[in-house]
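My notes follow in the order I made them.

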Amino acid sequence: MSKLPSTARVVIIGGGVVGVSTLFHLGKVGWKDCVLLEKNELTAGSTWHAAGNCPNFAPNWAVMNMQRYGLAMYRTLADDVDYPMNYHVTGALRLAHTKERMMEFEKVAAQARHQGLEMDICTPQELQSHNPFMETHDLAGGLWDPLDGDIDPAQLTQALAKGARQMGGNIQRFCPATGVSRDGDEWIVHTEKGDIRCEYVVNAGGYYAQRIGEWFKPFGGRTVPQIVMSHQYFLTGEIPEIEAWTKENRRKTPMIRDVDSSYYLRQDKNGLNLGPYERNCRAHWITPEDPMPDDFSFQLYPDDLERLEWYIEDAMGRVPTLGTAGVERVINGPIPYAPDGLPMIGPMPGVKNAFEAHSFTFGIAQGGGAGKVMAEWIIYGETESDMWSVDPRRYTAHADHDFCLQKALETYGHEYAMHFPHHEWPAGRNKKLSPVHDKIVAAGGQMGAYNGWERANWFAQEGDDTSEEATQTWSRGGPWEKRIRQEVEAVRDNVGVLDLPGFSRYHLAGEGAAEYLRGMIAGALPKAGRMTLGYFPDSRGRILTEMSIIRHEEDDFTLITAAPAQWHDFDVLNKNLPENLTLTDLTDAFSTLIVTGPKSRALFEEMGTDADLSLGWLTHQTATVAGVECKLARVSFAGELGWEIHARMANIPALYDAVIKAGAQPFGMYALGSMRLEKGYRAWKGDLSTDYSLVEGGLERFIRIDKPQDFPGKAQLKAELENGPAKRFVTMSVNAGDCDAPYMSSIFHNGKIVGEVTSGGFGYRTNTSIALGVVRADLAEPGTKLQIGIFGKKYKAEVQPDWPLWDPKNERLRA
C-alpha cells in the first residue's frame, strides 16, 4: 500500500464501486494527485453483497444515459486494465401484466433507441422463446434488453481500482476518515493515519454518507437525506434443467424481472437468484435505540424470509423450476435510499468544493457512469449532459428524517412502479404549507408537492373520482380533464386565482450588484421599476437556469425562480459572490397569488387598491390591495391580462379571501401548465436545461453579445449566432391520440430521429395537443411535417410559427 500523502487535489471518502469509479475517471482526464480513503477493504459496504445486476432500462432519461455509458465501459474494462471479470451479458426480460405497463415499456424502449440502444417489445410467445422456463399465459407482453446482464461487483471494483492506480490514483485501504476542517480555501481531511490537505472532497460513503455529511455542517452543510433499507435476496442450489440448458446453449438464461409483481429472477451459476422489492419492507438504523454501528464492513442482517413469502410463491408460479431447488444462501444487506430512490451525484448543498456521490440503490449498474459524472463536476464544474434528476440540491429543508423514512419505504416498496403524469405519491406530504392550504383543500384542491410545497393541481367537484387508482393512467382523460378545461376557460373569459407558495426567492443588494448580475446573465438588466427574464449560461453557453429579475433600485434586486431550483439557483448566485454584496433566501418568508384573466383589472378595482393598474407589462409596484400591503408584478405565466401578488406569508390569507370574494375562480397547476404551453413558455429543467444552448433553446432575444461583460459562454454563443445552431427549439401541434407527448419523446422525419420533445400537454384554449421540443435546425421552418413517437405509435406533428399558439401578438397579455 502506498504512503498516505499530506496533500492531494481530491480526496474521495468511500471505497465502494462509486468512489473507485470516481478515482478512475479523474485519472482518465489526467488528474493523478487524487486519493481515495476506505475504512476497511474496498467493497466493504453495499458493494460486496450487491447482486450485480446491470440493466440499461431506466424510465429516467439522465439515469439511462448514465447506465448506458457505464455498461458499455464494463464490456471492455477487463481488457482495458488487464483484470479478468465475470460479466455475463445475458439479456433480460421485463414482464407486463397490463396495457399500462406495455405503454411504459414502449416509452422507455423509444428512449433507449434515441440513445442508440435496442430494446424490443415482445409478445408472450416471444418472451418464452427467450426464456423457456417461464410461464406466460397471464401476460400482456414484455420488453427484451439484449445488453442486460450481471457482473461480479468485487471484480468490477478491483478492475476499476487497478485502472485508477495505473493512471496515478492513490488508494488507501484500512484508513478511516475521521472528520474534516477548513484552512482558507483548503479542506483538511483527518484520518487515523494523518491529515490530507486538498482542494476538493467527495462524500462517496454509501450508507455511511449521512454520518460523513455531519462533518460538513459547520461549513454550510445539512443532514444528508438518506435512509438505510434492508434488501434481501436468496440463491438456490443447482437446478439440473438450468444446467442442461446452459450447456446446450453455451450461455446463461436471460434474467426475468416481473415488475408488476416486484422482483427479479436470474441465473446464478446453475441455480437461481430471487430478489424481491417487497411492500412490507424494512428500514434499519432509524431510531436512537438502533444506531448505525461504527463499522458494519462485510456484515449482513439476519435472514427474514417470511416477509418475502408472497413473492417467492409468485415467482415459483412464474418459473416452476424455482420450486424444485432449496434455498442455499440468503443475503440480507444494507443499501442506502434517497427519498426518490435515485442517487445523489453533484455539489454538496451549501458547501464550497465539496461533492456527493452516494445513495445508490443500483450502484453496480450506475457506478461506471456515476464516476464519469462526478469527475466532470469536480474538474469542469458542469456535466456533459444535464443531471438535475440526481443532483443532491433537489432536496431542501422539507427532507427531514420523517420525510426520508416515509419516502424510502414507499419508494422501495414500489421500486418498479410506473410514474403516471397525474399521479401523486402520498407518503411524506404536507411538509411545506401555504397560509391558505386548508382553504384550498376545502375548495376541492387535489394537491401536488413541489419542492415539498403543497399546491393544488386541480379542483375537484362533488362526485369527481379523486382516488389514487383513478390517476394510474397515461391518458390525459380522467376526472381532472373536465375540471382543467373549466379552470382554463375561467381564466380565458373571466379571472382566476392560483395560490402559488414556494417560488424560490432571493434578495440581492449592495454596491455593484447590477454589474455582478450583468456578468452572469446573457442579456440586459431591466430598469428600476421593471422586471425581465434573465438567462444564466454555463461556460458552454448552455442554459444553466432562468430567473425573473425584479429591479427595485440601481443595485437592489429580487430574483425569483422555480420552486425546485431553490438550492441550485442560490448556489448559482452565491458561488462567486463579492464580499460586499448580500444574498438572502426569502423563499419561506413570502408567497404568491397569480390573479389573471381579462377581468382581472376590474377585480382589483372592486377589491380596492392604490395601485396604478395602467402600468404596462413587466412593471412592478408596491401597493395596498384590500387594505393589505403587497407587491404587484404585471406578468402572467398563463398568457392573459394579470398580476402576480407577492406578499409576506402572514398577509396571504386576507388577500386570498378578498380575491375570492371579488369573484376569482381558483385554478391549479395543471391548468397553468396547459396555458403556458400555448404561449410557448419554457419550464425549468424540461425545456430549460444544460442539454441545450441558449441559441438552441430559442432564447436569442435574451442574448446581448455586444455588451462589454464577458459572461459565461459568451464566445461559444457568439460563434453559434454567427454560424447557426445544429438544432433549434420549436413549438409543434400534434394530432395525438389519448395521450400527449411525454418528456424526451422522439421526433421523426422520414423515419429518422431528428429531435426530442422537452415538454408536452394539451391546450384547452386552442384545443390541440402541443409539444415543445428541439429538432434539427433545417426542420425548424413553420409548416414542416414531422412525427412524434408517443407510447409506441407515431403521430403527425407540424412545426408552428415562432410565436405563441394562443394570442400570438400578446394583445390579451398587454391589454
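I am working on a predicted model. I began with the largest cavity and got a volume of about 90 Å³. The search over the whole structure returned three cavities of 30 Å³ or more. I then listed the lining of the largest cavity: E106, K107, A110, Q111, P742, Y743, M744, S745, S746, G789, I790 and F791. Helix 3 (99-114) and strand 37 are the elements that give two or more residues to this lining. Helix 3 has the largest share, with four residues.

Entry 2, strand 37. I followed G789, one of the lining residues of the largest cavity, to its bridge partner, which is K794 in strand 38. Strand 37 (residues 785-790) and strand 38 (residues 793-799) run antiparallel and are joined by six bridges.

I looked up the elements in the lining: strand 19 (354-358), helix 9 (363-380), strand 24 (531-537) and helix 14 (566-574) each supply at least two residues. Helix 14 gives five residues, the largest share of the lining.

How many residues does the largest nonpolar core have? I read off 83, and the residues with the most contacts inside this core are V10, L26, L156, V202, M229 and I378. Helix 2 (residues 61-81) contributes nine residues, the largest share of this core. I recorded a second, separate core of 30 residues, which includes M447, F604, M607 and A664.

I took I378 from the list of residues with the most contacts inside the largest core and looked up its partners. With neighbours within four places in sequence left aside, I378 is in contact with V10, T22, L26, W31, Y200, V202 and F355. Among these partners, V10, L26 and V202 are also on the list of residues with the most contacts inside the core.

Definitions and conventions
Residues numbered from 1 in each chain as written. Predicted model: local features only at pLDDT ≥ 70, side-chain atom pairs only at ≥ 80, totals over all residues. Heavy atoms only, no water. Core = buried A, V, L, I, M, F, W, Y, C linked by side-chain atoms within 4.5 Å. Buried < 20%, exposed > 50% of the residue type's maximum accessible area, 1.4 Å probe, protein only. Contact = heavy atoms within 4.5 Å. Pairing = 2+ DSSP bridges. 1 Å grid on protein atoms, 1.4 Å probe; cavity = no way out; pocket = protein on both sides within 12 Å on 5 of 7 lines; lining within 4 Å. Points joined across faces, edges and corners; volume = space filled by probe spheres on them.
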